[in-house]
Amino acid sequence: MSTVIPVPDNWHPLLSSWDELRHGYHAGDKDETVRGCARRLDTTAPGSEGDPVLFWTLGLLMLAPYVAFGDPGPGVEDEVVTVLSRVARGEDGKTCVHGWHPYEADVDDVLERLPDWLEVLSSPVNQALDNLLPEDLLPDVYLEELDDEKAESADLSGAEILARWQCPRTAPGFARAALNYLGATVR
């Protein structure tokens, strides 16, 4: 059964571990947790149907606060920046019809809501569309700006919201957001 975004079978424990590390109370090997996510992203083929590139990219985004401020071991930040740069370069000028993407939101807002969003994004498409509201997958700041005359319509359908998360530009955009959080540029 197809989910909104591809996720690995064991994604719940991974997400829990990443969230613990982000909040500073992860009991395991912090550097190995980060490196494990980076390795999985590095070995995932971008753009392939069924490959969880966006999932692993969001994982590194969740781990970025630790990498930036948690005193990771030697080489951890370089490994993360290298793999995020590869994903960020994957956009290669791709265009789309969307006026807005989730990666354009404030990173801190995304980080706070990401565990809940991944619950929706890991659902089968038909289940995710059932009663999907904009606030289920759009950042609060975006919702507040919907009245702005330059913003897209406040009446986005569930399918239109999911399309922004499934857009080929979303994973590279979140990779750039994570790099910005780390104070790094695309290499």
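This is a predicted model: local features need pLDDT of at least 70, side-chain atom pairs count only at pLDDT 80 or more; totals for chains, interfaces and linings use all residues.
**View 1. Helix 2 from end to end.** Helix 2 covers residues 30-42, and its end C-alpha atoms sit 18 Å apart. That fits what you'd expect, because 13 residues at 1.5 Å a residue should span 18 Å. Look at the start of the helix too: a side-chain oxygen of Asp 29 comes to within 3.2 Å of the backbone nitrogen of Asp 31.

**View 2. The buried side of helix 2.** Six names to pick out here: Asp 31, Thr 33, Val 34, Cys 37, Ala 38 and Leu 41 are the buried residues of helix 2. Down the helix axis they fall within an arc of 165 degrees, so they line one face of helix 2. Their packing partners are helix 1 (11-23), helix 3 (53-69) and helix 4 (76-89).

**View 3. Helix 3 against helix 10.** The axes of helix 3 and helix 10 (residues 170-181) are 9 Å apart, and the packing angle is about 5 degrees. That angle makes the pair roughly parallel, since anything under 35 degrees counts that way. On the helix 3 side, the contact includes Val 53, Leu 54, Leu 58, Leu 61, Pro 65 and Phe 69. Helix 10 brings in, among others, Thr 170, Phe 174, Ala 178 and Tyr 181.

**View 4. Gly 75 in its loop.** Gly 75 lies in the loop that runs between helix 3 and helix 4. Its relative accessibility is 37%, so Gly 75 counts as partly exposed. Arg 35 is 40 residues away from Gly 75 along the chain, yet their C-alpha atoms are separated by 9.6 Å.

Conventions:
Residues are numbered from 1 along each chain as its sequence is written. Side-chain values use heavy atoms; hydrogens and water are left out. Helices (H or I, at least four residues) and strands (E, at least two) are DSSP runs, numbered from the N terminus. The expected span of a helix is 1.5 Å times one less than its number of residues. Buried means under 20% relative accessible area, exposed over 50%, partly exposed in between (1.4 Å probe, protein chains only). The arc is that of the directions from the helix axis to the C-beta atoms. Contact means heavy atoms within 4.5 Å. A polar contact is a pair of N or O atoms within 3.5 Å; within protein, one must be able to donate a hydrogen and the other to accept it, and residues adjacent in sequence count only if both atoms are side-chain atoms. Axes are lines fitted to C-alpha atoms, for helices over the stretch in contact, and angles run from 0 to 180 degrees between N-to-C directions. Angles under 35 degrees count as roughly parallel, over 145 as roughly antiparallel, 65 to 115 as roughly perpendicular and the rest as oblique.
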